[in-house]
Amino acid sequence: MSGLSRGSGGLSPEKLRIRGSVSLPEAELMWRFSRSSGPGGQHVNTSDSQVELRFDLVNTGALPDVWKERAVERLGPRLVGGVIGVRASEHRSQWRNREMAVTRLVSLLAEATAPPPKPRRPTKIPRGINERRLRNKKQRGETKRGRSGQGWG
């Protein structure tokens, strides 16, 4: 079953939701299955349990343009020809690896499309705090000056 296929075979819409009412259309998800490395005994040699999920970020119509621009800018180094890909092979079950790949892709896109944080507004230091700091500093200086040994004669 190695190769590229479209559609997931019935993932729930909640799992494909990025944020708000925006979700990934199943038809735009490209799946690829291959043999997974690692533990699993003889089972691992016969089943295509590793899952590679790809999504064409640049050409999708599912995301608002602002989100798409933000995601392309933030995920630039990870994109290959405008396509973002995630891989999952932790589980022996292909189905669980599919769910893991979808979860990774959705969280990656949710993070990449999130609005930038509001700019920090610098706050003024209250005058009382500054005066107290200077008063303590002066007092500490007086204490140290008193230790100099002058006048002990």
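This is a predicted model: local features need pLDDT of at least 70, side-chain atom pairs count only at pLDDT 80 or more; totals for chains, interfaces and linings use all residues.
Me: Okay, which residue does the side chain of Arg 32 meet in a salt bridge?
Reply: In general, side chains of opposite charge can pair when their charged atoms come close. For Arg 32 the N to O distance in the pair is 3.7 Å, and the cut-off is 4 Å. The partner is Glu 52.

Me: How many residues apart in sequence are the parts that this pair, Glu 52 and Arg 32, ties together?
Reply: Arg 32 sits in strand β4 (residues 29-34), while Glu 52 belongs to strand β5 (residues 50-56). The two sit in separate strands, so the pair ties together parts whose separation in sequence is 20 residues.

Me: And Glu 52 itself, is it buried or exposed?
Reply: The cut-off for buried is under 20% relative accessible area. Glu 52 comes in at 18% relative accessibility, so it counts as buried.

Me: How far apart are the closest N and O atoms in the salt bridge between Glu 52 and Arg 87?
Reply: This pair links distant parts of the chain, with Glu 52 in strand β5 and Arg 87 in strand β6 (residues 83-88), 35 residues apart. Arg 87 is partly exposed, its relative accessible area being 48%. The closest N and O atoms of the salt bridge are separated by 3.4 Å.

Me: Which helix holds both Arg 145 and Glu 142?
Reply: Their side chains meet in a salt bridge, at 3.8 Å from N to O. Arg 145 counts as exposed at 56% relative accessibility, whereas Glu 142 is partly exposed at 47%. They are three residues apart, about one turn of the helix, and that helix is α5 (residues 127-146).

Me: Which residues do salt bridges that share partners join into one network?
Reply: Glu 52 pairs with Arg 32, and Glu 52 also forms a salt bridge with Arg 87. Those shared partners give one network: Arg 32, Glu 52 and Arg 87.

Me: Switching to Thr 113, what is its relative accessible area?
Reply: Thr 113 is in helix α4 (residues 94-113), and a polar atom of its side chain lies 3.4 Å from the backbone oxygen of Ala 110. Leaving out residues up to four places away in sequence, Thr 113 touches several others, including Ile 18, Trp 67 and Arg 74. Thr 113 is buried, and its relative accessible area is 0%.

Key
Residues are numbered from 1 along each chain as its sequence is written. Side-chain values use heavy atoms; hydrogens and water are left out. Helices (H or I, at least four residues) and strands (E, at least two) are DSSP runs, numbered from the N terminus. Buried means under 20% relative accessible area, exposed over 50%, partly exposed in between (1.4 Å probe, protein chains only). A polar contact is a pair of N or O atoms within 3.5 Å; within protein, one must be able to donate a hydrogen and the other to accept it, and residues adjacent in sequence count only if both atoms are side-chain atoms. Contact means heavy atoms within 4.5 Å.
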